[in-house]
Amino acid sequence: MNLNALARKASKGSAPSARGGAMNVEDMIRFALVHGAGGADEIERLCAQHGWLRNALLEDGTRVVPFALWAQACAAFGRGGVAALRLLLADPELASFAIGVLQEVKTAQSVQVLLGFCASAGWQSPDVTHAEWKALSALNLLLSFDDGVRVEQAVMDDLLRVVITAFDATPEPFLKSLCLWAARGAPTAQALAWLQKLEVPGADVDAARANAIKSVKRRLSPTYKAPDAKTKRQIQRARAADV
């Protein structure tokens, strides 16, 4: 996407320009990833020009995308990279948006920042959209699949500690399932042992546990071979086609 493409999308479409026009969040994130500081300048210019909204809930009860908050997170990354997003995680208003961008950066550094955020989480919210659960969901997407980010054993150990803490802290079945899905990103003997001895409540959570055990066993197998860059691209294209 070139420097003019985002402006065209923001000024077109059926939605009002304050709601992004024909643009979506993924467009803005990709733009920041590609264009860096220049992209940050353009995002901020468009935000001011169109009056993008900060509130997700309008006075009449309509829910909209708060593009101004996404713009702030994307511009921060464009200028300061992952380190700038780490700072935004301390702001309750911006943390979820920083997590959304970190999820798309897809590097070992972004994984480390998300793990650091999760390591200090209390896991008391029952809301899956709370920042701490969004961060764990991002780690699940970054690490649990064959085309995910490659990380060292120490990172897997850190992830397992986070997963166990979150699992023990929440009584919510869906959130317990999320923890088990995320455990797939730690294909270690320790993770397998924990999953196999774990007692879980209900069929849905047990299905998540069975899925995690199967995934970890497969990736621990001596015959498992991580995909190369070409195969990763094929996996990603196939996944995109299924969406």
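The residues lining the second largest pocket of this predicted model divide into five nonpolar, four polar and five charged. In this classification Ala, Val, Leu, Ile, Met, Phe, Trp, Tyr, Cys and Pro count as nonpolar, Asp, Glu, Lys and Arg as charged, and the others, Gly among them, as polar. The lining comprises 14 residues, of which E26, I29, G100, Q103 and E104 lie nearest the centre of the pocket. A pocket is an open set of points, on a 1 Å grid over the protein atoms alone, where a 1.4 Å probe fits, with protein on both sides within 12 Å along at least five of seven lines; lining residues have an atom within 4 Å of a point. Helix 2 (25-50), helix 4 and helix 6 (131-143) are the elements that give two or more residues to this lining. The space in the second largest pocket is about 340 Å³, a volume being the space filled by probe spheres set on grid points that are joined across faces, edges and corners.

Residues are numbered from 1 along each chain as its sequence is written, and side-chain values use heavy atoms, with hydrogens and water left out. As the model is predicted, local features need pLDDT of at least 70 and side-chain atom pairs count only at pLDDT 80 or more, while totals for chains, interfaces and linings use all residues. Helices (H or I, at least four residues) are DSSP runs, numbered from the N terminus.

Two packed helices are described by the angle between their axes and the distance between the axes. Helix 4 (residues 95-105) and helix 5 (residues 108-119) pack at an angle of about 145°, and their axes are 8 Å apart. The axes are lines fitted to C-alpha atoms over the stretch in contact, and angles run from 0 to 180 degrees between N-to-C directions. The crossing of helix 4 and helix 5 is left-handed, that is, the near helix is turned anticlockwise from the far one by less than a right angle. From helix 4, I99, L102 and V105 meet S110, V113, L114 and F117 of helix 5, where contact means heavy atoms within 4.5 Å. By class, this contact has six nonpolar, one polar and no charged residues.

I99, in helix 4, counts as buried because its relative accessibility is 1%; buried means under 20% relative accessible area, exposed over 50%, and partly exposed in between (1.4 Å probe, protein chains only). The C-alpha atoms of I99 and L114 are separated by 7.4 Å, the two residues being 15 apart along the chain. Beyond neighbours within four places in sequence, I99 is in contact with L89, L114, F117, A131, K134, A135 and A138.

K106 lies in the loop between helix 4 and helix 5 and has a positive phi of about 60° although it is not a glycine. With 48% relative accessibility, K106 counts as partly exposed. W123, in the loop between helix 5 and helix 6, also has a positive phi of about 60° and is not a glycine, but W123 counts as buried, at 2% relative accessibility.

C118 belongs to helix 5 and is buried, with a relative accessibility of 1%. Apart from neighbours within four places in sequence, C118 contacts W123, E132, A135, L136, L139 and V162. H50, in helix 2, is buried at 12% relative accessibility. With neighbours within four places in sequence left aside, the contacts of H50 are A10, S11, S17 and A18.
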